[in-house]
Amino acid sequence: MKLHRTALILVAITLLLFPLFGQGKQERQDTLVVYAYDAFTGDWGPGPALVAAYEAEYNTKVRLVGSGDAVEMMNRLVSEGARTPADVVLGITDDMAGQLLETGLLRPYESPYLSEIPAFLHFDPTSCLLPFDYGNYAFIVDSQRLEEEAWPTSLGDLADSRYKDKIILIDPRTSSVGLGLLLWSIEEFGEEGWLTWWEAVKKNALTITDGWSSAYGLFTEGEAPLVISFTTSVVYHVLNEESTRYRALIFPSGHQATIEGVGILAGSPRQSEAERFVDFILSEGQLEIAITNSMYPTNASTPLPPAFDWAPKPEHSFSADRTRLEKNLERWLTEWTEVMSR
Amino acid sequence: MRTKGTIEEGRFYQRMALPALVVISLFFVLPLLFTLSSAFIGPGGGFSLSPIKAVFTDPYTLRVMRFTITQAALSTLASLLVALPGAYLLSSYSFRSKSLILALSAIPFVIPSILVVLGFVIFFGNNGFLNQLLMALFSLSEPPLKILYSYKAIILAHTFYNFPIIMNLVATYAMHLDRRQEAASYTLGASKSETFFRITLPRLLPAIISSASLVFLFCFSSFAIILVLGGGPRYSTMEVEIYRQARMVGSASAAAALSLFSILVTSLLLAAYSKSQQRLVQSEAYKEPLLLERRPAHALGRILALLYALSALLFILAPIASVIVRSVYSTSGFSLKWYRQLLNLERASSHMGSALAALTNSLAIALTVSILAVALGTSLAASIERRKRGKGALEMLGMLSMTVSSVIIGLGYFLIASRLHGGASLSYALVVLAHLVIALPFTLRVMLPEYRKIPLSYTNSARTLGSTTGHAFFTIELPLLRGAMVSSAIFAFAISMGEFNATLTLSSSTIVTLPIVMYRLIGSYNYQGACALGTILIIVSALVFIATGTTKGKKHA
């Protein structure tokens with residue numbers, strides 16, 4: 001019966017291994033679950049440091065869940081609905097907020113720190129989403145791979161064939177940054193012209209990634225000299241690599257702006273912990289977010305590191321009109337997909 | 001007249017199918033029905049044909065369908081072009097490295113697709129080994145081969161992954177052909193090329209069509225390769241679009257409607273494949289291979305043959321080898337950093353930080369899956385072989401999960417899981433079940449022919465001597481199947497270790513397995529970390545490779 005014995009041993013090993021599955025996964029009841037986009041939770045994001053600081057200060061547990069890019073994360077939240085394990089969601093931009101606010105999954109929170117945030121950043125009057133950082137979309141150029149004379153000075157320039165295979169773009173169906181560029185192009189070229197621009201710029205794109213992380217990773221690997229990101233992205237390289245190799249391109253005709261918000265799930269059983277975490281993000285956490293997420297802090301009392309001087313300020317910036325956005329976004333995305341797959 | 005004994009025997013073997021049937025119906029058919037029914041749920045919640053209509057009238061999805069089919073056709077064509085000269089070489093001559101090439105050509109059967117993608121990027125990428133070599137050789141400042149992120153990359157990766165399959169199958173078939181027809185042709189004065197094109201090629205056609213349709217099927221449901229090498233709406237296949245709709249856009253009904261189309265096409269392809277397989281079996285008598293000439297007669301032929309053999313070897317081995325090399329060697333020199341991070345001996349951030357958990361998870365899941373899959377595969381094989389009626393139907397049922405791509409299997413689990421409250425343990429149970437469903441046809445494929453070799457007379461003699469059927473099964477048949485059980489266990493283990501498509505589609509972000517972490521590492525451009533994990537997968541694949549090699553050809557007394 002050697003075989004039986006072998007089988008028994010194997011079964012015993014398997015049963016022993018099963019607790020391994022649960023290893024460290026047994027959540028304590030007080031663990032706060034925070035959904036964020038993967039650039040926030042990832043290797044270079046502010047998530048790990050923020051969570052460590054918060055956990056140490058309040059002697060509590062936070063689990064950051066990275067769920068792809070922001071649009072992907074929001075779609076996940078919407079499809080999970082009331083069953084979501086999340087207590088807090090972090091990184092919903094003003095451009096895409098409409099769809100989430102409509103579901104009623106979030107609840108209003110009048111944080112005491114809201115008064116320290118300038119009025120123009122309060123994009124959600126219901127206070128379900130509280131602004132925690134903001135920035136302007138911009139193309140970042142790798143100065144070692146593209147001569148300064150060849151830098152583009154407008155969105156229109158990017159459609160020129162001399163940028164063939166030199167641009168990395170991001171899919172607006174899955175990424176907030178991708179969506180930002182889509183809205184920017186509509187702002188710049190209007191309903192008549194934006195698709196023509198995409199048609200032309202498509203030929204210059206090295207690739208279209210699903211999220212910002214892959215796009216920026218490709219860019220820093222040296223695969224292409226231009227990528228869509230934020231004016232503030234260069235700050236990261238100045239602070240961490242003491243490098244000014246990467247520059248943000250300012251286009252005189254203006255830049256699309258974006259504000260990122262944090263919100264509390266109405267169905268969360270940990271409301272007071274969630275509020276405490278949001279307060280932390282809007283106060284003590286602001287500097288870490290500014291530095292590591294490379295975005296402007298919303299709390300006006302946050303001292304900005306000098307490296308931010310490397311982030312050029314656009315002369316004009318525009319934000320999306322909520323009602324127009326809600327009315328047209330689905331159609332825009334369909335038209336974009338149609339053109340880009342042609 | 002039926003005796004009590006045969007009734008008892010019939011019942012025993014009938015019951016043997018039950019566990020597998022329960023698993024197939026509960027964990028494959030049910031989630032599938034769940035997925036497909038989602039295709040008929042309209043935006044309002046009730047029954048509606050609108051998701052289907054939307055999918056089949058939307059110019060974008062039509063384009064995705066067209067791209068899926070075109071890229072599969074082109075990939076198959078490219079694989080054929082690369083494979084056929086090799087098949088000719090292998091079947092016509094017996095040179096020294098021949099058995100090595102034949103053995104290595106089985107590699108694509110055992111390595112997971114995520115590993116192929118990684119090896120491909122590491123070897124052919126803009127910063128890859130090939131470009132670095134060419135840049136050093138010709139002192140260039142720009143990488144000369146810009147293959148990545150294009151249609152070319154997809155076709156090339158598919159060719160790399162699939163041409164050995166065609167080469168292997170066609171060469172094996174050709175080696176066993178009866179050569180007397182060719183001999184007759186020569187006697188009648190036909191030239192060598194004339195004989196080849198008019199006699200040999202037509203006879204090889206069934207094997208070529210059969211292997212090509214298999215490769216087409218693989219390319220049609222390609223997922224990981226497109227996910228990493230494709231990009232944007234232009235280079236999306238059905239499987240990627242199903243995943244994107246379900247997991248990124250959050251439109252379950254669109255994903256389900258796309259699945260419907262995908263299943264339709266794959267079933268048609270499989271039907272064509274099994275038909276061509278039957279024709280293959282009927283058309284030629286299987287002969288022991290003849291003694292062949294050692295090498296081509298002409299010097300030119302010899303050089304060409306050598307060149308082909310070398311480049312094929314390089315093409316198959318180099319990407320895999322570069323994964324191992326890159327895991328310990330970077331621009332800054334030799335380092336075991338990534339292995340130390342993998343084993344948590346050194347602090348690692350984010351994705352790399354979850355590598356050890358991924359390794360233990362993957363090992364635990366794979367071990368569970370392999371034990372369950374062998375148990376189910378063996379009992380189902382016994383039940384199929386020892387029953388009198390419904391053999392074919394039961395075998396079909398066992399192979400059923402092969403007709404559906406693993407992304408769609410994962411989708412069903414995802415849709416069900418999103419309706420359940422459950423923690424990490426439920427998620428892991430779902431991963432195990434999905435892997436089990438995927439592995440079962442493979443273990444069945446290994447067990448069935450082995451079981452067929454056991455003569456019925458053994459059991460009959462045991463029963464004559466007073467044993468029950470069950471006792472005879474456990475004490476006589478099972479020990480005879482030990483070798484096959486071991487190799488099918490290793491097979492299932494490797495399938496589970498490398499499974500990416502279904503796991504990614506069904507899992508929440510809390511689940512980490514080796515291929516998932518590899519994918520995330522590739523996404524964040526930590527290639528070295530990905531290579532360290534990849535090397536572990538290579539070791540597993542190598543084990544399978546050795547195991548399948550040693551069990552082959554063993555016969556029962």
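Helices (H or I, at least four residues) and strands (E, at least two) are DSSP runs numbered from the N terminus. Residues are numbered from 1 along each chain as its sequence is written, and chains are lettered from A and ligands numbered from 1 in the order in which they are written. The model is predicted, so that local features need pLDDT of at least 70 and side-chain atom pairs count only at pLDDT 80 or more, while totals for chains, interfaces and linings use all residues.

**Exercise 1.** Determine how many of the residues of helix H13 of chain B are buried, and what phi B:Gly250 takes just after this helix.

*Solution.* A residue is buried if 20 or more other C-beta atoms, placed from the backbone, lie within 10 Å of its own, exposed if 12 or fewer do, and partly exposed in between. Helix H13 of chain B covers residues 238-249, and eleven of its twelve residues are buried, so the helix is largely enclosed by the rest of the structure. Among the buried residues are B:Glu239, B:Glu241, B:Arg244 and B:Arg247, together with B:Met238, B:Val240 and B:Ile242. Just after the helix, B:Gly250 has a positive phi of about 80 degrees.

**Exercise 2.** Describe how helices H22 and H23 of chain B pack, and list the residues that make the contact.

*Solution.* Axes here are lines fitted to C-alpha atoms, for helices over the stretch in contact, and angles run from 0 to 180 degrees between N-to-C directions. H22(B), residues 456-464, and H23(B), residues 469-480, pack at an angle of about 125 degrees with their axes 9 Å apart. Angles under 35 degrees count as roughly parallel, over 145 as roughly antiparallel, 65 to 115 as roughly perpendicular and the rest as oblique; H22(B) and H23(B) are therefore oblique to each other. Two residues are in contact if their C-beta atoms, placed from the backbone, lie within 7 Å. H22(B) brings B:Tyr458, B:Thr459, B:Ala462 and B:Arg463 to the contact, and H23(B) brings B:Thr469, B:Ala472, B:Ile476 and B:Glu477.

**Exercise 3.** Work out which domains chain B is divided into, and which helix gives the most to the side of domain 1 that touches domain 2.

*Solution.* Domain bounds come from an automatic or database domain assignment, which divides chain B into domain 1 (1-37 + 339-557) and domain 2 (62-329). Their C-alpha centres lie 26 Å apart, and 32 residues of domain 1 of chain B are in contact with 34 residues of domain 2 of chain B. On the side of domain 1 of chain B that touches domain 2 of chain B, H27(B) gives the most, with 13 residues. Ala, Val, Leu, Ile, Met, Phe, Trp, Tyr, Cys and Pro count as nonpolar, Asp, Glu, Lys and Arg as charged, and the others, Gly among them, as polar; by these classes that side of domain 1 of chain B has 21 nonpolar, eleven polar and no charged residues.

**Exercise 4.** Carry out the analysis for the domains of chain A.

*Solution.* Chain A is assigned domain 1 (28-134 + 258-304) and domain 2 (135-257 + 313-341), with C-alpha centres 25 Å apart. The contact takes 20 residues from domain 1 of chain A and 26 residues from domain 2 of chain A. H4(A) supplies the largest share of the side of domain 1 of chain A that touches domain 2 of chain A, namely three residues, and the residues of this side are eight nonpolar, six polar and six charged.
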